[in-house]
Each structure stands twice: as structure tokens, then as C-alpha cells.
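Below is a short briefing for a reader new to this structure.

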Amino acid sequence: MARDSSGTGSQVSIDLPYGKTFDDAVRARGAIASGLDVAVSQVFITRDATSHRRHTLWVADRDPLSVGAGRTPLLRCKPTDIWQAAPFGLDERGIELISRVPVRRGITAYARLAATAVIAGIAAWVSYWHMVGVAIR
């Protein structure tokens, strides 16, 4: 195993025996964690595009779920352009998660925007009537 470039864990490329697949490795994630004496949340298995038997095993030095993800930039409450990529947090490996709206102007993009608006409207309606119910009690 070698240290990863971020210095937060170790990684190794593994070729499974013939007949074993990436799916077998994912199912054995708990046993792998047990054998390495770490929590399951510290073990990440990533598929290699060149072979279904080959994958990368990354093991975090500490449990990533016990460390805070930090403050999201969206909490600064400043106007944000929805057409630009917006970071909204970190995943378990510390990689920044980015939200983006499709820039295409086709029918699919408009359908996604309409669906998003409908879902947001339903969420606002449910939230409003929930708060009315709470206020009445």
C-alpha cells in the first residue's frame, strides 16, 4: 500500500483472481475492513475502467464520518448564479461535491428545470401546511 496524494489514507490497485469480480469485492467490504482492523466507513473500493477484476482500494487513516465536513460556501447567503458550478460540501474522502445545472437549452433541460420548480413548490406547500399545523397546536 502507498500513501495517497492528499496524505489522508493509503491506496493500492488490486487484481482479483480470475472468476472474481468487482461486485465480489464490494460485497466483501466488511470483511476487508475487519481484516485491516478499521471501520467499514474507512474502506473505499473504486472500479477500474480497464477490467472488471481490477479495482483500487483506498483506506482512510481515520473515520471520515467522525470528522466535520466544514462550512458550505452556500451558507454565506450571497447571491449565486445558478448557471455556474456551486460547491455544496465534501464527500467522505474530502472531495468537494459540486452542483451544476445543465447548460443545454434543449427540451430535456427545460423539463428538468420545470420538474425542479414543481418539486420545490410541493416542498414549500407541504412545509407551509406543516408549520400551520404546528402553530395551531
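Setting aside neighbours within four places in sequence, His55 is in contact (heavy atoms within 4.5 Å) with Val12, Ser13, Ile14, Leu16, Phe22, Ala25, Ile45, Thr46, Arg47 and Asp48. This is a predicted model, in which local features need pLDDT of at least 70 and side-chain atom pairs count only at pLDDT 80 or more, while totals for chains, interfaces and linings use all residues. Residues are numbered from 1 along each chain as its sequence is written, and side-chain values use heavy atoms, with hydrogens and water left out.

**His55**
- His55 belongs to strand S4; strands (E, at least two residues) and helices (H or I, at least four) are DSSP runs, numbered from the N terminus.
- His55 is buried, at a relative accessible area of 3%; buried means under 20%, exposed over 50%, and partly exposed in between (1.4 Å probe, protein chains only).

**Sheet**
- An open sheet is formed by four strands in the order S1-S2-S4-S3, with antiparallel pairing; strands pair if DSSP finds at least two bridges between them.
- Strand S1 (2-3) and strand S3 (43-47) are the edge strands, each pairing on one side only.
- S1 is joined to strand S2 (residues 9-15) by two bridges, and Ala2 stands opposite Gln11 in S2.

**Surface patch**
- Val118, Ile122, Trp125, Val126, Tyr128 and Trp129 make up a nonpolar surface patch with about 690 Å² of accessible area together (Shrake-Rupley method, 1.4 Å probe; for residues, only the protein chains shown count as cover).
- Val126, in helix H3 (residues 107-136), is partly exposed, with a relative accessible area of 47%.

Terms used. Patch = residues over 30% accessible without salt bridge, like charges linked within 9 Å, V, L, I, M, F, W, Y side chains within 5 Å. Salt bridge = Lys/Arg side-chain N within 4 Å of Asp/Glu carboxyl O.
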